[in-house]
Amino acid sequence: MSEMTPLNYEELRSLMVAAGLFVLGAIGFLTRRNLILLVLSAELMLHGVSLSLVTFGKIHQNQEGQAFTIFVLTVAACEAGLALSLVLALYRQTHSLDIRLWSELREFDTPVPVMADADGPQSLPSAYDGIPLLTPAGRQPRELPRTVNADPKRPDRTPV
Amino acid sequence: MNEWMQQHPASIGGLVLWAIGLLWLMPSGKPGKSRPGLPGIILAAAGVLAFCLGAGRGIDTLQSEVMFWTFALTALLCAALMITSKNPVYGALWFALATLGTCGLFMLQSAPFLAAATIIVYAGAVIVTFLFVIMLAQQSGAAGYDRRAQLVVPAVLSSFVLLGVVVQQLQTNPLKVERPGIVAAEKQSTTKGSATSPPPLPSPDAPIPPPPPVIPAMLSKATPETPVGSMKGLGRSLFGDYLFAVELAGTILLVASIGAIAIAPRREEGAL
């Protein structure tokens, strides 16, 4: 019906720049250890994908590429908000943004990652911090000495 | 593969230079021996330049050439500086600049509304939130884990091999695409000479032609009244073809905001 023509060089170089952005984001995600920089690198990968989608829409002369990019933008905004609240929740437990502190979440058969540097905490302070407690039932146990500075309004919770 | 390397030496050289620049810029964590950043930046910039030149040159106006080079270099170089910055605050600021470069490329691909929306969402909301979190969590500046990256050489090598394969495929097997706009214009120009006489009326005995097939995503097609990237066309696509997806996206935003509020630390659980 209509003839097929190859991409011209403008579209080609736009796709190449998009691939470069995606790969740079992937490198950042793999190499950096700061939780916030990891999330930013994921956003950079989304930029690469968005640029590809817009270029595809221009090539095929329809609005779908830009409509999809708007959805990518929406999901990226959701992802940023959720990721930042997760980062804050993780920061409360370790007081550090190092991703290596969470290597306890790995699969049980993978080896322990090498901790080459001496600075910073080497592992989680305690594996039992921040675990949700059961609702109190029965007689209130005798207060242990470690709960002296507990919140008086919430006697059922140990200080975190 | 060999032919591609011989025909596009700029691409492969650019990729190598770019990877070496990134490896140079990555924080290594050796105390007291911090490398100067300038050689790495120059290497990475030369690599990015050669990489983009590998796409070939065509005949185009100087204006659009200058704009493309400015925006592409801004985006790629600022992205490289972002993933190698030792201070996460500077990383977030480099990311904002990379976003600006990407938005410029959006403009060149005839997406002005999308460029404005991306600038508003990223520079106006996302970066500010990230900076708040960084300043809340890292008040003492760069920490030890920021000064030392992990798995640098395997990550850079594998990622650049991936990029090289993508670029090789793009350059050696050029995608053939259907161009409705161009073809329609050519047909119009070819039939213009003989279009003076009106088309003959169909004879009453002729069979009724079958109805045109129903094409999905009909409203997303670009027409002369709604070219690609125009607000009218984009709105027709979003609220015509993708109305259900728009509703879903709104629901996702609601769920995400509720989830963020539920996950975030509460005041009675103690401050950070």
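## Contacts and helix packing in chains A and B

A:Phe71, A:Thr74, A:Val75, A:Cys78, A:Gly81, A:Leu82, A:Ser85, A:Leu86 and A:Ala89 of H3(A) meet B:Ala245, B:Ala249, B:Ile252, B:Leu253, B:Ala256, B:Ser257, B:Gly259, B:Ala260 and B:Ile263 of H10(B). Contact means that the C-beta atoms of two residues, placed from the backbone, lie within 7 Å. Helices (H or I, at least four residues) and strands (E, at least two) are DSSP runs, numbered from the N terminus. By class, this contact of H3(A) with H10(B) has 13 nonpolar, 5 polar and no charged residues. Nonpolar covers Ala, Val, Leu, Ile, Met, Phe, Trp, Tyr, Cys and Pro; charged covers Asp, Glu, Lys and Arg; the others, Gly among them, are polar.

The model is predicted: local features need pLDDT of at least 70, side-chain atom pairs count only at pLDDT 80 or more, and totals for chains, interfaces and linings use all residues. Residues are numbered from 1 along each chain as its sequence is written, while chains are lettered from A and ligands numbered from 1 in the order in which they are written.

**Where the chains touch**

The contact between the chains takes 72 residues from chain A and 92 residues from chain B. On the side of chain A that touches chain B, the elements giving two or more residues are strand S1 (4-6), helix H1 (9-31), helix H2 (35-60) and helix H3 (64-94). H3(A) gives the most, with 22 residues. By class, this side of chain A has 39 nonpolar, 22 polar and 11 charged residues.

Strands link the chains too. S1(A) and strand S1 (residues 176-178) of chain B run antiparallel, joined by 3 bridges. Two strands pair if DSSP finds at least two bridges between them. A:Met4 stands opposite B:Glu178 in S1(B).

**Helix pairs**

Two packed helices are described by the angle between their axes and the distance between the axes. Axes are lines fitted to C-alpha atoms, for helices over the stretch in contact, and angles run from 0 to 180 degrees between N-to-C directions.

| Pair | Angle | Axis distance |
|---|---|---|
| H3(A) and H10(B) (residues 243-263) | about 10° | 9 Å |
| H1(A) and H2(A) | roughly 165° | within 7 Å |
| H3(B) (residues 38-53) and H4(B) (residues 62-83) | about 140° | 10 Å |

Angles under 35 degrees count as roughly parallel, over 145 as roughly antiparallel, 65 to 115 as roughly perpendicular and the rest as oblique. H3(A) is therefore roughly parallel to H10(B). H1(A) is roughly antiparallel to H2(A). H3(B) is oblique to H4(B).

H3(B) passes H4(B) in a right-handed crossing. Their contact includes B:Val48 and B:Leu49 of H3(B) and B:Leu76 and B:Leu77 of H4(B). By class, it has 10 nonpolar, no polar and no charged residues.

**Domains of chain B**

The domain assignment, automatic or from a database, gives domain 1 (1-57 + 152-179), domain 2 (62-76 + 85-148) and domain 3 (224-272) in chain B. The centres of domain 1 and domain 3, taken over C-alpha atoms, are separated by 35 Å.

Technical notes: A crossing is left-handed if the near helix is turned anticlockwise from the far one by less than a right angle, and right-handed if clockwise.
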